[in-house]
Amino acid sequence: AMASEGKTSDAPKLTNYINGKAVPPVTGEYIDVQNPATNDVVALLPRSSAADADAAAAAAKAAGQGPWKDFTAAQRADILDAIANRIAERADELSRLESQDSGKTLKMASSVDIPRAVANFRFFAGQLRHSESDFHDMTDAINYTLRHPIGVCGLITPWNLPLYLLSWKVAPCLAMGNTIVAKPSELTPRTACVLAEIATDVGLPPGVLNVVHGLGAEVGAAIVAHEDIRMISFTGGTVTGRHVARTAAPMFKKLSLELGGKNPTIVFADCDFEKTIAGTVRSAFLNQGQVCLAGSRIFVERPLFERYVAAFVAAVKEMKCGDPMDEATGLGPLSSAMHLEKVRSYVALAREEGGTIECGGETPALPPPLDRGNFIEPCVITGLSPDARCATEEIFGPVVTVHPFDTEEEVIAYANGVRYGLAGSVWTSNLGRAHRVCARVETGIIWVNCWLHRDLRTPFGGVKESGVGREGGKYSLDVYSETKNVCIYLGR
C-alpha cells in the first residue's frame, strides 16, 4: 500500500464478489497492489470495511438457506471438479497473476501453486464422494453420525501461497455444504478474483462464495468479529492468529489456525550428502524462504559441519536472484518493501549477535526496472548460538542459520527450544534414529530425507505457537462440519 513509481491511474480496479456479483467497496476507497519485482502498481484493491463484510456475511447466510442446501454430496463434488477443470484451463493466466502479485518465480507458480490449487479441488471432490459416516452398535440401540454444515465460514489467507492456500480451505468448506466469506491477502488478491469468477461460471449458486478485499486490521477483523460467521480458518502469522483467537473464542466460533514456524532441519553425518545438500537448500529457499514449513534453522552433526557448510554455501551462491518471469531465476523478490526491511533487520541483528554472514544478505545488482524491486541475496549465517533471536524467531525470508551439534539428545533439545512447532526434516540413513528423532521432535509434521512431500490425506497443522487444529483429508471434513450423534432405541 505504498506510493510507487508506477502510474496509478491506468491500473485496473479489482472488485469484491458478493452474492455472485462484482461490486465496488462501500467506502469507494482503493489500495495499490504492487508487483514486488518492480514496485509498479498492477491493480487497485478495494479497501473494504465492516459494511462490506456485513454484506458478504448476509449474502452467505441467505445462500445457505437457498438452493445450495439441497445440493447432494455428489452434486457438490461435481462442482468442485468443475472448478478444478476451469482452474486447469486458465493455469497460464493464473500462474502469471500469482507470480506478478507475490514475486514468486513463474516456474514455481506454474509447477507448484496452480497445479496444487487444481489438486485441492479434485482431491476434496474425491474425499467427499468416498467419505463414510460412523456407526456405533449397542445391544438395544444403534448410533449413527450425521455431518451438518457449520453455516457461514470466514476464510482468511496469506500472501505466500495465495491460491494454493485459499483452495485448501475453499474446497473442503464447500464440500461440506458451507457458505463462505473469503479474504485473501491485500498483497496478492488477483487469483482470488479469478476463483470467484470461476465459481460463478460453473454454477455455484450466488452468495455461496463471497470474496472481500482489504486490510486485515479493517475488513479481516470485521469478518472474525461477525456474529453470523460461525467458523474461522486462518493461515498467517502467530501475532495475527492471537488476535483472531482472542476475538473468536468468547463467541465460541470453531477455529482452525495455521500460524508461524521456525522449523528445524536436522542433518546427521551418515546422510546421503548430495541429496541432503539439494534437499536442504530447497527447504530453506523455496519461494524466497517465504513458506511456513521452510527449514530455516539447520543443525549439522559436528563431523560433517564444515563440509556441509562449504557445500551448502556453494550451492546457495549458484542461485540467481532476478526477474520472476525468467526461467533461469532461482529467487524472486520478497513480497513487499516492508517485508524486505524486516528481513534485512534480521541480517543486521545476526551480525550484532556475533554471527558470521557466510554469503548473501545484500541487495543484488539488477538492471531497471528490477532495481526497484524487493530483492535480497539468499543469506547463510553461522556462528550463532541456537538460542539467538535470529535462530529462534520466524524471519520468513531467504535467511538460514546453521549450527553444529554432537549428540541426538542435544539436537532434539535445540529443535524443541522454540515457541513454534509446525514442521521439520531429518536427514540420515539410520532407520532407528530417524524414527526416534521424529517421535521426539515437537512438530505437527516431520519429513525424513525429503521436505514438503505431501499426501493430501494426511493431518496438516502445528503444535505450540504454530497453530490449532488439523486440516487435510478427513481432518478437513471434520473441521468444516458439525457432527451430530443420533441414537435410536430398539428395546421394547
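Modeller: A crossing is left-handed if the near helix is turned anticlockwise from the far one by less than a right angle, and right-handed if clockwise. This is a predicted model, in which local features need pLDDT of at least 70, side-chain atom pairs count only at pLDDT 80 or more, and totals for chains, interfaces and linings use all residues. Residues are numbered from 1 along each chain as its sequence is written, and side-chain values use heavy atoms, without hydrogens and water.

Biologist: What is the hand of the crossing of H13 with H14?

Modeller: H13 passes H14 in a right-handed crossing. The axes of H13 (residues 408-415) and H14 (residues 431-440) come within 10 Å and cross at roughly 35°.

Biologist: Why is H2 called oblique to H6?

Modeller: Angles under 35 degrees count as roughly parallel, over 145 as roughly antiparallel, 65 to 115 as roughly perpendicular and the rest as oblique. H2 (residues 73-89) and H6 (residues 190-201) pack at about 130°, with axes 9 Å apart; H2 is therefore oblique to H6.

Biologist: What makes Ser102 buried?

Modeller: Buried means under 20% relative accessible area, exposed over 50%, and partly exposed in between (1.4 Å probe, protein chains only). Ser102 has a relative accessible area of 4%, and is therefore buried.

Biologist: Which residues does Ser102 touch, not counting residues up to four places away in sequence?

Modeller: With contact meaning heavy atoms within 4.5 Å, Ser102 touches Pro36, Trp159, Thr188, Pro333 and Ser335 on that count. Ser102 belongs to helix H3 (residues 91-102).

Conventions: Axes fitted to C-alpha atoms, helices over the stretch in contact; angles between N-to-C directions. Helix = DSSP H or I, 4+ residues; strand = E, 2+ residues; numbered from the N terminus.
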